[in-house]
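Please view the sequence and the structure together before reading on.

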Amino acid sequence: MNTNIALLALIEIISAITIGIFILALTYKIVQWVGRKYYRIQEYNLSYSIFVSAIILSVGIMISGIVQPLISSFRLLNQQSNSFILAFKYIGTGAIYIAIAYTATILIGLISTFLYSKLTPIDEFEEIRKNNVGVSLIISSILITLSLLTKDGVMLLIEAIIPYPELPPI
């Protein structure tokens, strides 16, 4: 049995559960706070719940994309370290990748929502506050679609910071 791969699997499972729950709960709390503070959404209606669900799904889509770059980093780190140091390096690298993906998700969500609201004559958040489910579904679809479209670019950005060894010229 390859102990480094087994250690990687255990760390990945445990970190996916703990960090995933933490990030999604943090996202939920932030969106609740923004809704109360900036859009005066005091009571959570169906429309706002759909919008919050889309944001959480977008975060999940983007964070799920870091698995492959993280495995690539692990394979490079595996050649240099013992198991204990490898685990710490893996966790640190994963935290950096998650921070990049989370920041990208927030920026993409903010930019897309802002641009869409400027292109339409209605105030989307006022409609969400009034429990207009149709508007919420459209904004949620836009958020999820843009997350899917930008996921590969963000993952490529993360892969750009992996210290791959240089290949000799052909």
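1. The model is predicted: local features need pLDDT of at least 70 and side-chain atom pairs count only at pLDDT 80 or more, whereas totals for chains, interfaces and linings use all residues. Residues are numbered from 1 along each chain as its sequence is written, and side-chain values use heavy atoms, with hydrogens and water left out.

2. The largest nonpolar core has 24 residues, of which Ile63, Ile66, Ala101, Val154, Met155 and Ile158 touch the most other members. A nonpolar core is a set of buried Ala, Val, Leu, Ile, Met, Phe, Trp, Tyr and Cys residues joined through side-chain atoms within 4.5 Å. Two or more residues come from each of α1 (3-39), α2 (46-64), α3 (67-78), α4 and α6 (133-160); α4 gives the most, with nine residues. Helices are DSSP runs (H or I, at least four residues) numbered from the N terminus.

3. Beyond its neighbours within four places in sequence, Val154 is in contact (heavy atoms within 4.5 Å) with Met62, Ala101, Ala104 and Ile108. Apart from this core lies another, of twelve residues, including Val52, Ile55, Phe125 and Leu143.

4. Ser112 belongs to helix α4 (residues 83-119). Ser112 counts as buried because its relative accessibility is 8%, buried being under 20% relative accessible area, exposed over 50% and partly exposed in between (1.4 Å probe, protein chains only). Not counting residues up to four places away in sequence, Ser112 touches Leu143 and Leu146.

5. Tyr28, in helix α1, counts as partly exposed at 35% relative accessibility. Leaving aside neighbours within four places in sequence, Tyr28 contacts Val52 and Ile56.
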